[in-house]
Amino acid sequence: MVLLLFFLLWERVTHVKEIPPWLLPAPSVIFKEAIASYPLFFPDIGATLKLAITGLLLGSTIGFLIAMMLHLMPSMRNAFYPLLILSQNVPIIVLAPLLVIWFGFGFLPKLIIIILVCFFPVTIASLDGFSNVPGELKHYMRMSGATAMQMFTKVELPNALPPLLSGVKIAATYSVMGAVISEWLGAEKGIGVFMTLSSSAFRTDRVFIAIFIIVFFSMILYSLIVVIEKKLIKWNAKGGE
Amino acid sequence: MGAKISLEKITKAFIETGSVLEEISLYVKEGEFVSIIGPSGSGKSTIFQCIGGLLLPDNGEMFLGERKINGGTGNIAYMPQQPSLLPWRTVLDNVLLGQELFQKPDKQEAQDWLKKINLSDYENAFPHQLSGGMNQRVAFIRALLSPQSVLLLDEPFSALDEFTRFDMQKWLLSVWEEKRKSVLFITHNIEEAIFLSDRIYLLSPRPAKIVQEISIPFKRPRTDLLLLENEFLQLKRDIYSALKAGGLHESV
Ligand SMILES: Nc1ncnc2c1ncn2[C@@H]1O[C@H](COP(=O)(O)OP(=O)(O)OP(=O)(O)O)[C@@H](O)[C@H]1O
Ligand SMILES: [Mg+2]
């Protein structure tokens with residue numbers, strides 16, 4: 001609703017103020033161009049999505065495994081936690097060219113970038129879920145003779161599922177952006193490539209097409225995880241009915 | 001001595017709070033219901049944590065049958081004040097949890113019991129969909145179906161309102177009559193202790209010592225009428241004065 005109003009206003013402003021299309025094209029112009037040049041960028045969508053989804057899956061898995069390792073081996077925690085923070089403090093823009101030098105222009109360096117972006121929210125959220133078990137549940141389990149492994153599989157792990165999925169949601173919204181940024185490094189196909197080409201040709205309408213595609217697919221991925229969440233988490237008002 | 005579970009001169013002190021338990025000796029016979037009454041903070045839960053193996057007593061020995069259990073876990077089934085059901089498990093799966101920790105759970109038995117206590121319809125419901133009293137029943141069945149033969153109940157009804165509480169006491173007795181495990185029951189409530197127990201231990205304020213052991217002569221099954229009998233009221237008065245003499249009347 002708000003979105004529709006926003007587009008209508010945008011349309012009006014571009015017409016009334018006669019803003020040249022290379023500066024800010026009207027939504028109607030963008031839409032027409034999207035339909036016209038559809039075959040042009042269609043392969044790009046596939047390439048970017050493949051990158052984003054592979055990265056998201058791998059990144060989330062790695063993020064979860066790291067969280068599990070840090071939780072089950074507390075001695076690792078002190079050693080690796082600073083490294084984890086560090087991995088988020090090095091700007092991707094700086095890291096990206098380095099990755100290209102090390103791994104070339106192929107799929108791998110791009111994947112690494114997305115993984116780096118995606119794993120962190122999942123790790124932090126899982127760690128939080130592992131350790132935020134209500135005290136009385138832990139007490140019951142210990143009094144009843146649960147082993148450390150049973151405590152993990154029967155209590156800590158299920159307790160971490162909701163925050164874990166929240167982490168994956170955040171990662172999902174990053175993943176498409178991450179894929180596009182990684183394509184700026186150099187790629188044959190991808191929305192990132194389409195975007196760079198369009199912008200250097202002052203085809204602002206196409207740049208906007210790229211932006212809309214990014215937003216659209218980020219939202220699709222996000223909703224997909226919300227659906228999975230609803231399926232998996234039925235035990236509280238937050239996730240279930 | 002034929003006791004199911006026995007504590008012999010258990011002593012425990014914490015660095016921060018000093019001595020908490022002083023030479024606590026008690027026992028529960030096979031199929032016996034025994035209560036511990038003591039003021040807040042006297043060390044009742046600490047006794048349970050020693051038996052459960054979460055705390056190692058500084059001195060003394062604990063036995064399950066003939067076996068010494070100091071520091072060992074998994075020897076008792078437990079029911080705390082909060083239901084402490086796992087929120088992501090259905091009622092049925094929660095009931096199975098106690099068994100699951102040690103063996104392949106018996107689903108049929110659990111379903112039969114849920115039926116017996118009229119919670120069949122809630123088998124696949126989650127704890128948040130049940131009332132506090134219902135959850136507490138589930139928690140008791142979970143403990144009752146755990147493989148251990150001794151039950152430790154730590155003020156299981158104190159979070160419930162007065163009315164539900166009395167219902168729960170009667171309910172507990174009726175269920176327990178059917179599957180008589182040895183029970184050690186902690187409470188603040190004198191009436192509750194008399195109504196439920198075969199014997200009662202009175203604890204002093206911290207550091208806890210056992211000040212008196214009282215046998216409750218009433219036959220089972222017991223009904224609410226018991227609460228009005230003279231003998232019942234007399235016992236209540238006796239315990240009240242015993243506690244008061246120990247300086248614990250504020251807890252009652
Ligand atoms: N792990 C611990 N470390 C230090 N002090 C403790 C510990 N556990 C219990 N205490 C102390 O031991 C005393 C007895 O505690 P406990 O929980 O056994 O009392 P309680 O009789 O169960 O009380 P309540 O009726 O309130 O449940 C308290 O003063 C408490 O501060
Ligand atoms: Mg207590």
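Select strands β2, β1, β4 and β5 of chain B: in this predicted model they form, in that order, an open sheet of four strands with antiparallel pairing. Strands here are DSSP runs of E with at least two residues, and helices are runs of H or I with at least four, numbered from the N terminus. Two strands count as paired if DSSP finds at least two bridges between them. The edges of the sheet are β2 (18–29) and β5 (67–68) of chain B; each has a single partner strand, so one side of each is left without a neighbour in the sheet.

Residues are numbered from 1 along each chain as its sequence is written, while chains are lettered from A and ligands numbered from 1 in the order in which they are written. Because the model is predicted, local features need pLDDT of at least 70 and side-chain atom pairs count only at pLDDT 80 or more, whereas totals for chains, interfaces and linings use all residues; side-chain values use heavy atoms, with hydrogens and water left out.

Next, select β1 (residues 3–14) of chain B together with β2(B). Eight bridges join this antiparallel pair, and the two strands form a hairpin with three residues between them. Within the pair, S6(B) stands opposite Y27(B) of β2(B).

Now display ligand 1. A residue is near the ligand if one of its heavy atoms lies within 4 Å. There are 15 residues around ligand 1, and G41(B), K44(B), S45(B), T46(B) and R206(B) come nearest. Helix α1 (residues 44–52) of chain B gives the most to this shell, with three residues.

- T46(B): a side-chain N or O atom is 2.5 Å from an oxygen atom of ligand 1.
- G43(B): a backbone N or O atom lies 3.0 Å from a ligand 1 oxygen atom.
- H188(B): a polar side-chain atom lies 3.2 Å from an oxygen atom of ligand 1.

On its own, ligand 1 has 630 Å² of accessible area (Shrake-Rupley method, 1.4 Å probe), of which the protein covers 67%.

Finally, colour chain B by pLDDT, the predictor's confidence in each residue from 0 to 100. The mean for chain B is 93, and 97% of its residues reach 70 or more. The model scores ipTM 0.94 and pTM 0.89.

Notes. Polar contact = N/O pair within 3.5 Å; in protein donor to acceptor, adjacent residues only side chain to side chain.
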